[in-house]
Amino acid sequence: MIKKILMLVLLMAPLSLCAQKFAYYDHFDVMQSMPAFQTAQKELEELGKKYENDLKSMQDEIISKRDAYLASADSLPENMRNRKEQEINDLMNRFQQAQQDNQTAFQQAQQDKLQPIVAQVAEAVGSIAKAEGYVYVMDRQTASTSGGIFINESMCENITAKVKAKLGLSTTSAAKAATPSTTK
């Protein structure tokens, strides 16, 4: 008798997992719908272009000095050639350092601008999960790209619209944010 009760309990344990609620959302879709994200993206694009232009002007300076040096190298005394070569090498070193500095600064700016937005989304997802009793809420794209997680969407609820609503995004404003305006 005890074996039968124990066996019944063991068989019922997996069924209790079915009573748990699971959900997923599309993090990218939510982020694209947020005006703050669109603003941050534009600011980051402008910053990236600025860094790119700065590096391009440095590169142009290196090329022009190198070309001028190569054109007159044979007629210069050795000490002048050495000085010109050193100057070009210094410019190349500054260019490489500027590339590294710009990359680090861009990554920091990206983190500074996007972290608060990501935190807002996470807070909204957490709030919905808690209020509606979801045990697990997963990002659809992260799960699909992680290689080991499969979301059976027929057994989970898509809460993307609820997350957008929690963030105060209507479906019309979300569509406007995702589609850039072409009016000038």
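**Note on the predicted model**

1. At 11% relative accessibility, Ile151 counts as buried, the limit for that class being under 20%. Ile151 sits in the loop that runs between α5 (140-145) and β3. Leaving aside residues up to four places away in sequence, Ile151 touches Tyr24, Met138, Asp139, Arg140, Ala143 and Cys156. The C-alpha atoms of Ile151 and Gln141 are separated by 9.9 Å, and the two residues are 10 residues apart along the chain.

2. The average pLDDT of the protein chain is 84, and 80% of the residues score at least 70. Residues 173-184 call for caution, as the pLDDT there is below 50. Beyond near neighbours in sequence, this stretch has seven contacts in the model.

3. As to overall composition, the protein chain contains seven helices and three strands. Read from the N terminus on, the elements follow the order α-β-α-α-α-β-α-β-α-α. Of the 184 residues in the protein chain, 23% are buried. The chain exposes about 13100 Å², of which carbon and sulfur atoms supply 57%. Among contacts with a separation of 6 or more, 81% are between residues 24 or more positions apart.

4. The pairing may be followed residue by residue. Strand β1 (residues 21-25) is joined to strand β2 (residues 134-139) by five bridges, and the two run parallel. Lys21 has Tyr134 as its bridge partner in β2, and Tyr25 has Asp139. Two bridges join β1 to strand β3 (residues 157-158), again in parallel. On that side, the bridge partner of Tyr24 is Asn158 in β3.

5. The structure holds one aromatic pair. The ring centres of Phe22 and Tyr136 are 5.3 Å apart and their planes lie at 5 degrees, so the pair is stacked. Phe22 belongs to strand β1 and Tyr136 to strand β2, so the pair ties together parts that are 114 residues apart in sequence. Both residues are partly exposed: the relative accessible area is 26% for Phe22 and 47% for Tyr136.

6. Val137 also lies in strand β2. With a relative accessible area of 23%, Val137 is partly exposed. Not counting residues up to four places away in sequence, Val137 touches Ala23, Tyr25, Val125, Ala129 and Ile159. Val137 and Glu157 are 20 residues apart in sequence, and their C-alpha atoms are 9.1 Å apart in space.

7. Gly133 is found in the loop between α4 and β2. Its relative accessibility is 41%, so Gly133 counts as partly exposed. Which residues does Gly133 touch, not counting those up to four places away in sequence? They are Lys21 and Ile128. Gly133 and Lys21 are 112 residues apart in sequence, yet 6.8 Å apart in space from C-alpha to C-alpha.

8. The buried residues of α3 are Phe37, Ala40, Leu44, Tyr51, Leu55, Ile62 and Tyr69. These buried residues pack against α2 (27-33) and α4 (78-132). In general, an α-helix has 3.6 residues a turn, so residues three or four places apart point the same way.

Note on methods:
Residues are numbered from 1 along each chain as its sequence is written. This is a predicted model: local features need pLDDT of at least 70, side-chain atom pairs count only at pLDDT 80 or more; totals for chains, interfaces and linings use all residues. Side-chain values use heavy atoms; hydrogens and water are left out. Buried means under 20% relative accessible area, exposed over 50%, partly exposed in between (1.4 Å probe, protein chains only). Helices (H or I, at least four residues) and strands (E, at least two) are DSSP runs, numbered from the N terminus. Contact means heavy atoms within 4.5 Å. pLDDT is the predictor's confidence in each residue, from 0 to 100. Accessible areas come from the Shrake-Rupley method with a 1.4 Å probe; for residues, only the protein chains shown count as cover. Two strands pair if DSSP finds at least two bridges between them. Rings of Phe, Tyr and Trp (its six-membered ring) pair if their centres lie within 6.5 Å; planes under 30 degrees apart count as stacked, over 60 as edge-to-face and the rest as tilted.
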